[in-house]
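Okay, thanks everyone, I'll keep this short. Have a look at the model on the screen, and then I'll walk you through a few spots.

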Amino acid sequence: MTAESPVRPVTLTMAKKTTTVYDVTKHHLVPEHKKLSEKDTEELLKDYSITAKELPKILSSDPAIQHLDVKEGDIIKITRENPHSGNSLFYRRVTNG
Amino acid sequence: MAKDDTEETAEEPIVAVKADKKGTLQMPESAPKEVIPGLEGLETVKTEPAAKQDFSQIAFQQSIHKQVDSIVFGVLSPKFIKKMASAKIVTPELYDSEGYPVDGGLMDLRLGVIDPGLRCKTCGSRLKECIGHFGYIELARPIVHLKFIRVILTVLRGTCKECGRILIPKEKIAKSKELLDRIDKEEGLDSRRKAVHAIIEKLKTTAKCPHCNAKQEKIVIEKPTSFMEGERRLSPIEVRTRLEKVPDEDCEIFGLNTKSARPEWMILTVLAIPPVTMRPSITLETGERSEDDLTHKLGDVVRINQRLFENINAGAPEIIIEDLWDLLQYHVTTFFDNEVEQLPPARHRSGQPLKTLTERIKSKEGRIRHNLAGKRTNFCARTVISPDPRISINEVGVPKIMAMKLTIPEVVQPWNTEYLKKFIQRGPHIYPGANYVIRPDGRKKRITDETKEAAIEELQPGYVVERHLMDGDIAIFNRQPSLHRMSMMCHRVKVLPGRTLRLNPAVCAPYNADFDGDEMNLHIPQTEESRAEAEILMDVQTQIISPRYGLSIIGCIQDAISGNYLLTKNITKMPRHQAISLLISIGVTEFSRLPNKEEVSGNEVFATLLPEDFNFVGETKAHEPIVIKNGKITQGYMDEVTLGGEGSGFLLRNIHQRYGSQATIDILHKMFKLGAEVLMMTGFSSVISDTDLPQIAKEQVTTILDEAEAEVNALVASFNSGNIDAFPGRSRKETLELKILEVLNRTRNKAGAVVKENLNKSTDTAIMVASGARGNNLQLAQMAALVGQQALRGQRIHNGFRGRTLSCFKPGDLSPEAHGFIRSSFKKGLSPVEFFYGSITGRDSLMDTALRTPKSGYLYRRLANAMQDLKVEYDNTVRDATGKIVQFMYGEDGLDVSRTENGKIDVQRIIDTTE
């Protein structure tokens, strides 16, 4: 037994998990993410004659869609700005990983 | 032709149906109703029985894509081995006294055909059609399968020796299963395997069975194939009875699917005998037969097995039986793997170890790395390459000796019989001759001086003559590393004397070839289909425009550029007759486009190569305008930007756009020759005096250098007196270094400007730089004025002794000359210290390239493999092989770069050029 206690005082700051430090949607490199309505989803799948399985995926925990209130299976529409070809669209299906 | 093909494909299923009726293995539908263990999956691949009679339907069905639903890996059960076998092997003898295979021997005719002319006793098909059939032997005593030792051990350790239940209390079994299923679902199979392992690891120390309270003992492997329980050896019979007792539901926890892999099947009671087709015997020149290693090994197995049977039946003493049993175990083990530790490998009489099953598959010479991953091809050639600007861009020069070895099969027709007979007449040693004649039945005959006459005699339509390679034949030319599609292109053969493969220097760029000893490969397609495919998809013409940047990758290089630059810029007047002889030398005989004047300009000579209605507006390297109107150069001159390859060559791009690839190749070839011919006419030499500076310029350079040195000294002085403020984020020392580097680089640029200003622009060296054929202004400055600061990792050289680069400097010397500044020019020559600095950076960049090449090569390989099945579909989406979307619009803009000009489409010009 040593006379001195090995425990040193440590200060902890508690932060809520939901608080985002920085709103990534405001960043100029983050393109616009939008949730697709049911009707639009149907149309999209019909246009490309695919099932949702064939779409690229996006994690439901992706910082860029935290403000959207999404659930698994939703389709996210991403509008990317391209200096050469203007806007281009991209779609992703939300998964839980 | 096409009709023949369909008939042929329809024939195969007939054979298959026959086999079905005989009730052998391959046919799922007429097989007994019961599900074959482990092969339930086969049911999904069944063809509809209704289609059995309709052959066309069968042919159609064969082309139907089947989606693989699942693959089952399992262990063959004894029952299944017997079911799939078409012969029971009972005797080690191979052939009877007449040399005929013995029934029930290892070369039994029911196991497949390996002799030409014979028919398979099982399926009725001939050599090469019959893939062979398995046989089996009934083993007199069970034998441990070497490759399953570890699984057997874990099952033995994890189950009770009395009741066979898994050593987990009843109530916890369900829980364990649940846990495994959950892990499987959440983390995948790999994690499940780990979890299984973790559970089983705990079981082996269990002392008492939770089901029947029997005491458990420790089991260890005695290498290679024995199990020891405490002091006692477990015989394979005992092991097998224990494994039999393990219930199906307990096997599940061990990770075994009992439908396809019961643990007791890992102890062999019957041994499957591989078909003869995978162990063919070879007939030696003496007429003797030499058997495959596997056959030898199987012979041992069968022989010992028979002896064991006999001894058991005769009631021989236990010791003899035990010995034979161990011997049988040894033979079966080495049959599977002849490189087992602690077992002497089975050997030939010569002492060379036998190559058995595992050795066939494993390692570099094994099936996978040697035969599957490393396939080799015939009708190909490889040698050193050399340039030949006189052959066309889409030709390849093939040495005559090569052309006499590489052949093209030509089918004899009524109209070419006489033509082909002449080839046979000349034979294999006179070019152009022929090496082989193939009869319609597939027999191949070598043409020799003796067989010549007979071959000509019997030649008739339907025969095939393998004639020597000739001019105009199609070949695929390739240089490794084949990083892009232009690394393999289709060329026309041009048979030439000499011993190297020749290529037009204009195609060096796509192959990334030079002639410092590079070798290249040549492939000769052997069928009409492959030749057509090569011509349409891989021709040099089709590859002019690179899909990487949408500009020509094939273009003029070196002399061709400087020649045309001289012609169009400097030669304003030349006698008409000289122009004509110039044009004739490049193969142009049409002079109506050449103005009918006593003297013509170089521009007019060059313009005769352009199409008459060609219009072009562009810029030169020096940003001067070029205008071509109706096939005449009205302003400007030609240089690298208009004629070159590799990301320039705008003129070529426009010609390609309007007149197509064939015209571009023709024009390019003429331009190339013209450039070279012009240089031959005028003479062109790079001389040391080309980089001579006038006295004033020399003095200017010296002043600039002295000033720089003074400036650096001033910087060092103010650093030492503490007058330099550090840049943000840098120390004072670093700041000083940055400032010095900036001064020295500025010095070199200043000197470069002086050189550019004062160097004679009419020298041939300067012309090469100005036309873009070779070299740049920086290199000129290095030759004429100074080499400049040598940088190591973006900094001045600091390596060497402590505090100094070389021992001839004082420690702490910060002057330019002590840290890699070379103030001499290459022409003047470097001092020893300067030369040493140059060597430092030279070695560094050498090491850098040597280390970077394999790294970037591997990176590229991974990218290429990851993206190889991506494809642009008709709806413009990019999808992978499973149909998953990767991009919704190819490249986000849907542009095919190879159809653009440098990635852009000039809409204005399209409007301007379409009336």
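This is a predicted model: local features need pLDDT of at least 70, side-chain atom pairs count only at pLDDT 80 or more; totals for chains, interfaces and linings use all residues.

Residues are numbered from 1 along each chain as its sequence is written, chains are lettered from A and ligands numbered from 1 in the order in which they are written, and side-chain values use heavy atoms, with hydrogens and water left out.

Let's begin with helix H19 of chain B, residues 576-585. Which of its residues are buried, meaning under 20% relative accessible area with a 1.4 Å probe and protein chains only (exposed is over 50%, partly exposed in between)? They are B:Arg576, B:Ala579, B:Leu582 and B:Leu583. Looking down the axis of H19(B), these fall within an arc of 120 degrees, so they line one face of the helix; the arc is taken from the directions from the helix axis to the C-beta atoms. The partners they pack against (contact means heavy atoms within 4.5 Å) include helix H18 (559-570), helix H20 (602-607) and helix H22 (650-682) of chain B. Just after H19(B), B:Gly587 has a positive phi of about 90 degrees.

Next, pockets and cavities. On a 1 Å grid over the protein atoms alone, a cavity is a set of points where a 1.4 Å probe fits but cannot get out, and a pocket is an open set with protein on both sides within 12 Å along at least five of seven lines; lining residues have an atom within 4 Å of a point. Grid points are joined across faces, edges and corners, and a volume is the space filled by probe spheres set on the points.

The largest pocket comes out at about 1800 Å³. It has 50 lining residues, and the closest to its centre are B:Leu483, B:His484, B:Met486, B:Arg548 and B:Ile553. Who gives the most to that lining? That's H27(B), with seven residues. By class, we get 27 nonpolar, 13 polar and 10 charged, where Ala, Val, Leu, Ile, Met, Phe, Trp, Tyr, Cys and Pro count as nonpolar, Asp, Glu, Lys and Arg as charged, and the others, Gly among them, as polar.

As for cavities, there are three of 30 Å³ or more. The largest has a volume of about 70 Å³, and its lining includes B:Tyr95, B:Met107, B:Asp115 and B:Arg289. That lining splits into eight nonpolar, one polar and two charged residues.

Three strands of chain B form an open sheet in the order E28-E29-E30, with antiparallel pairing; two strands pair if DSSP finds at least two bridges between them. E28 and E30 (885-887) of chain B are the edge strands, each pairing on one side only. Strand E29 (878-879) of chain B and E30(B) pair over two bridges, and B:Arg879 stands opposite B:Ile885.

That's my tour, thanks.

Terms used
Helices (H or I, at least four residues) and strands (E, at least two) are DSSP runs, numbered from the N terminus.
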